[in-house]
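Reader: Before we turn to particular residues, could you show me how to read salt bridges in a model such as this one?

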Amino acid sequence: MAFDVLITGGWIVDGSGSPWFHGDVALSGDRITDIAPPGMLPREQAAEVVDATGHVVCPGFIDIQSHSIAPLMSDPRSLSKVTQGVTTEIMGELWSPTPFGGRRERMFGWGELPGDIEEITAGWTRFRHWLEWLEQRGVAVNVGSFVGGGTVREYAKGWDAGDPTPDELELMRRVTAEAMEDGAFGIATALIYPPNSYSPPHELVEMARVVAGYGGLYVTHLRSEGDRFLQALEEKLHLGRETGCPVEVYHLKATGESNWPKMEQAIARINQARAEGVDVTADMYPYVASGTGLTVLLPDWVAEGGKLFERLDDPLLRPVILREMRGEGGEPLEGLASSKSRDRSYVVPLGFKLPEHREFVGLNLEEIAARRGQDWAECAIDLLRAERHRIGTVFFTMSEENLRLQLRQPWIKISTDAGGIDPAGQTNPVHPRAYGTYPRVLGKYVREEGVLRVEEAIRIMSGAVADRLNLRDRGHLRQGAFADVVVFDPATVGDRATFKEPHQLSVGIRDVWVNGGRVLRDGAHTGATPGRAVWGAGTR
């Protein structure tokens, strides 16, 4: 048999968690043709022989929480992900470009669009349209998605708060079912962001029932990761118990030092629920800071009806908003916006677009406010009013001890919660997870600290994710599987991106193949775009 590629002499880690072994891996077309003991596959039958001596050969990593929707539409290479060993990106938290229609007025938000977006997206209505376009256009990685929970609600109810009417709820069910038939892996909610934060529990239960009928997954950013962390987790355990739908918790974390002890309780509750038959798992990223928009410091009602900036500009509403932000009235704010703490030094805005605000990059909100002669709440409102977008922000609120504890749980997986980026020309800082998530696990938590065996680390970055998504022919090195393969140096692999200097590619990931196409050679992107769309179990 002739091989396109023969990878020889490596330490094979197959993605199952089993111990590594020495062997050779043969690729032909888009598949893994054979895996054999060293020297058993004839070199002369290979078009290319790749020496992996001293290197690990493993499945490509699958990012279950990617935000590459807009980045991939302008740059198909996904450079910061491929150089981490990512071969598949799964998107859709909160929103997805499609389905489009109903009360959805904008396909994209947050001002992230390529210039020709209107022409590109003309006619996109069904969920599958944008994924098919990506595959046809060419993309370096495999792409798939959940349908955004906020998108489903917006389709039926716009940005209005309140319970859905029976007709609106039925429309949500229909839209969700169509998305599942179009290839969604399930529905992905983010319950701290409007309009998804307006969704009552019974609405989410109904969506999960639909998803369960198609063999899908309900995945969610919890309603709280702070003071009501445990209650928010219980809401999702109840959903899983009530509907039989598998539940995945996005980026498991306990935010705020007073809430750090709750992580042990949360892990105990997940273990107990699993013992009782509730199919619940979680993923995480290996950093003590989270990343989202500065808008999370605002009360939810400010964004109702899609009128966030109108309300921020209203001089009569300003004192009301300020009082609630400071914890002086209204419903106490939660999580990252918790009014328990008067100090906002843990809040570091990064995503400034206006030149006059660039001097603030790297400063925390208290420092910025002091320079402007304001308190933190006034400062946050005025920055948002001037910038007219959510302003990407990092929040230093988590515990390193909890990260290590979470990594040791058998049901945990790794995700980036970030999009793919090319560092060239970047001017604004971003969260370093966009560049360093997977190499950080392999470098810091495997090689340096010994929190995980390399086999277990690779399992929670590949095989465990593929199994959760029912991608039976990806995520594992085995004969007949798609040739999504990574070669890395275990002695040097690691992240270089930091919060102060984030735009730095990781090191140690040497070679990457996607569907048998070489996208990374000796650490450099080849420009190849062999990625394909991947689809959920309910696809018709």
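Author: What follows takes the salt bridges of this model step by step.

Author: The model is a predicted one, and a search of the whole structure finds 48 salt bridges.

Reader: Which residue forms a salt bridge with Asp279, and how far apart are the closest N and O atoms?

Author: The general idea is to look for a side-chain nitrogen of Lys or Arg within 4 Å of a carboxyl oxygen of Asp or Glu. Here the partner of Asp279 is Arg468, with the closest N and O atoms 2.8 Å apart. The two are 189 residues apart in the chain, since Arg468 belongs to helix α17 (residues 463-468), while Asp279 sits in the loop between α9 (262-275) and β13 (280-284).

Reader: Are Arg468 and Asp279 buried or partly exposed?

Author: Buried means under 20% relative accessible area, so Arg468, at 16%, counts as buried, whereas Asp279, at 32%, is partly exposed.

Reader: Which parts does the salt bridge between Asp382 and Arg318 tie together?

Author: In this pair the N to O distance is 2.9 Å. Because Asp382 lies in helix α13 (residues 376-387) and Arg318 in helix α11 (residues 318-325), the bridge ties together parts that are 64 residues apart in sequence. Asp382 is buried, with a relative accessibility of 16%.

Reader: Where do Asp484 and Arg474 lie?

Author: Both Asp484 and Arg474 are in the loop between α17 and β18 (485-488), 10 residues apart, and their side chains meet in a salt bridge of 2.8 Å, N to O. Asp484 is buried at 3% relative accessibility, and Arg474 is buried at 4%.

Technical notes: Residues are numbered from 1 along each chain as its sequence is written. This is a predicted model: local features need pLDDT of at least 70, side-chain atom pairs count only at pLDDT 80 or more; totals for chains, interfaces and linings use all residues. Side-chain values use heavy atoms; hydrogens and water are left out. Helices (H or I, at least four residues) and strands (E, at least two) are DSSP runs, numbered from the N terminus. Buried means under 20% relative accessible area, exposed over 50%, partly exposed in between (1.4 Å probe, protein chains only).
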